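Colleague: I am new to this structure and would like a guided tour. Could you show it to me and then take my questions?

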Amino acid sequence: MTLFEELLPPGAMWSHVLKRGTALRLTALEAGANVGAIFYNYENLVERYNMPDTLKAQHIARLTAGSVLYSDMGRILCSITEDSVGWHDPVGGCSNAAMLFRKYGASSYQESRNEWHQNGRDSFLTEIGKYGMGERDLMANVNFFSKVVVEDDGSMHFVPGHAPKESLVELRAEMNTLVVLNSCPHPMDPSPRYSPKPVLLTVKRVPPPARHDLCRTSRPENERGFILTERYFQ
Amino acid sequence: MPDRILVESKLDPARAAFREVVPAGDPWIHLVKKGEVFRIVDLCGNQAADTLFYSADDPAERYSAQDTIREQGNIYLTTGTKLMSTRGNVMLTIVADTCGRHDTLGGACATESNMVRYAIEKRYMHACRNSFMKAVRSWRAPGGEAMSKRDITANINFFMNVPVTPAGGLKFDDGVSDAGKYVEMRAEMDVIAVISNCPQLNNPCNAYNPTPVEAIIWSAV
């Protein structure tokens, strides 16, 4: 059941406490979207999304349906229950002001109003500041709708135009999770123009994960991750 | 695995300003000043040295795994790698490396992630994050505030081999290091270096046998 919908415009930031029992669907309204995302346990903000724990627990360097996002406390902040794309990037990080200046030149609010160039790092810092957090609390982020392939020699390659229009990914909250998003371009996006894309956000009520839920059964590690998450609420 | 390029150092440990052996399972924290050269030696082979760096002037600026690997376009660290901060500054440059590949994505073991990865009963085994917490809370930044769990971010695993596949898989493989292999870096700013000499007994990152490493610092020339 849909609770509300919101349009995340290109190059904008957003945050919401996604309650256990609800889910957030991201729908790319144009091809080539990117959504930078970080996650915190809203009840204890020093517990937050941990990139290395997420990757090593599931032996993955990409995120897709059946993957879960681990906190640094062995619990699951969100599960990826639906995905039309097959690969979301957990390693590329986010853009910053100096990078945007180098790639796209100067941009100011005075000149461009709300079309000005927003970068990932400052967007994250502004949004988490609203919850009393700062630079020391900003950890590695996820980039939904983006793909970075790592070759055998370790080299990293951004795949342009990875997610077509109408691509979607759905995150089910397994805890009361502070979700912080921005729609700034991926830092490895080679486009010579600053061209962020709009994304539709849908928050809905969803049933709890069933015994044979894909995210629970995809790996024995996740089975234990769900047990530890359930214990937190017992 | 592609050939690794190994680069030896000309520096003589007998002329170092500082030497300390860090036993397996111990934390270590030390200031490395701009221009000083910092070496970590894998004394017995196949040991993982989990390592974090902070700006000594303002520890809110710290090593960033994502910025480091993206800026060099490669997930592995070796000679020539610039270790980048969260503010986009170069903190240290790797100037010699006789191992040839170091991990940026595997992070540190923690009692909680051990429960997920191996078994819930593993909670009481010693883990790197507990060592990191002990190290950082002992350090007073210029403002006088101690660091804490919120400062523990995605670390480097020197000497550890965590290959990523083009299909998006990630593996923990046997080490590519050996007794006496080392990695050496020049500080480009004053940094606080933190090591957790990994106590992990559940995977091959330490060849199931955690052993000591040595930290060596040479004065700036």
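Modeller: Of the 234 residues of chain A, 51% count as buried; a residue is buried if 20 or more other C-beta atoms, placed from the backbone, lie within 10 Å of its own, exposed if 12 or fewer, and partly exposed in between. Please note that this is a predicted model, in which local features need pLDDT of at least 70, side-chain atom pairs count only at pLDDT 80 or more, and totals for chains, interfaces and linings use all residues. Residues are numbered from 1 along each chain as its sequence is written, while chains are lettered from A and ligands numbered from 1 in the order in which they are written.

Colleague: What does the secondary structure of chain A come to?

Modeller: Chain A has six helices and twelve strands. These are DSSP runs numbered from the N terminus, helices being H or I of at least four residues and strands E of at least two.

Colleague: And why is chain A called as compact as a globular protein of its length?

Modeller: Its radius of gyration is 17 Å, close to the 17 Å that the globule rule gives for 234 residues, so chain A is as compact as a globular protein of that length. The radius is taken over C-alpha atoms, and the rule is 2.2 Å times the number of residues to the power 0.38. Along its principal axes, the C-alpha trace of chain A spans about 55 × 40 × 35 Å.

Colleague: What share of the contacts in chain A join residues at least 24 apart?

Modeller: The share is 77%, among contacts between residues at least 6 apart in sequence. Two residues are in contact if their C-beta atoms, placed from the backbone, lie within 7 Å.

Colleague: Let us turn to sheets. What is the strand order in the open sheet of chain A?

Modeller: The order is β2-β11-β4-β7, four strands with antiparallel pairing. Two strands pair if DSSP finds at least two bridges between them. At the edges lie β2 (13-18) and β7 (142-144) of chain A, each pairing on one side only. From one strand to the next, the twist averages 30°.

Colleague: How many bridges join β4 and β7 of chain A?

Modeller: Three bridges join them, with β4(A) covering residues 35-41. A:V35 has A:F144 as its bridge partner in β7(A).

Colleague: Which helix lies across β2, β4 and β11 of chain A?

Modeller: That is α4(A), residues 120-129, which runs at about 145° to β11(A). For such angles, axes are lines fitted to C-alpha atoms, for helices over the stretch in contact, and the angles run from 0 to 180 degrees between N-to-C directions.

Colleague: How many residues does each chain bring to the contact between them?

Modeller: Chain A brings 41 residues and chain B brings 34. On the chain A side, α1 (51-58), β8 (148-150) and α6 (220-232) each supply at least two residues. The largest share, six residues, comes from α1(A). By class, the chain A side has 20 nonpolar, nine polar and twelve charged residues. Here Ala, Val, Leu, Ile, Met, Phe, Trp, Tyr, Cys and Pro count as nonpolar, Asp, Glu, Lys and Arg as charged, and the others, Gly among them, as polar.

Colleague: Is α1(A) mostly covered or uncovered?

Modeller: It is mostly covered, with eight of its eight residues buried. The buried residues of α1(A) pack against β5 (68-70) and α6 of chain A together with α2 (111-117) of chain B. Just after this helix, A:H59 takes a positive phi of about 55°.

Colleague: What about α1 of chain B, how many of its residues are buried?

Modeller: In α1(B), residues 65-72, six of the eight are buried, including B:A65 and B:I69. Its buried residues pack against β9 (156-158) of chain A together with β5 of chain B. B:G73, just after the helix, takes a positive phi of about 65°.

Colleague: Why is β8(B) described as largely enclosed?

Modeller: Six of its seven residues are buried, so β8(B) is largely enclosed by the rest of the structure. β8(B), residues 181-187, pairs in the antiparallel sense with β6(B) over five bridges, and with β3(B), residues 37-42, over six bridges in the antiparallel sense. B:I94 has B:M185 as its bridge partner, while B:D42 stands opposite B:K181.
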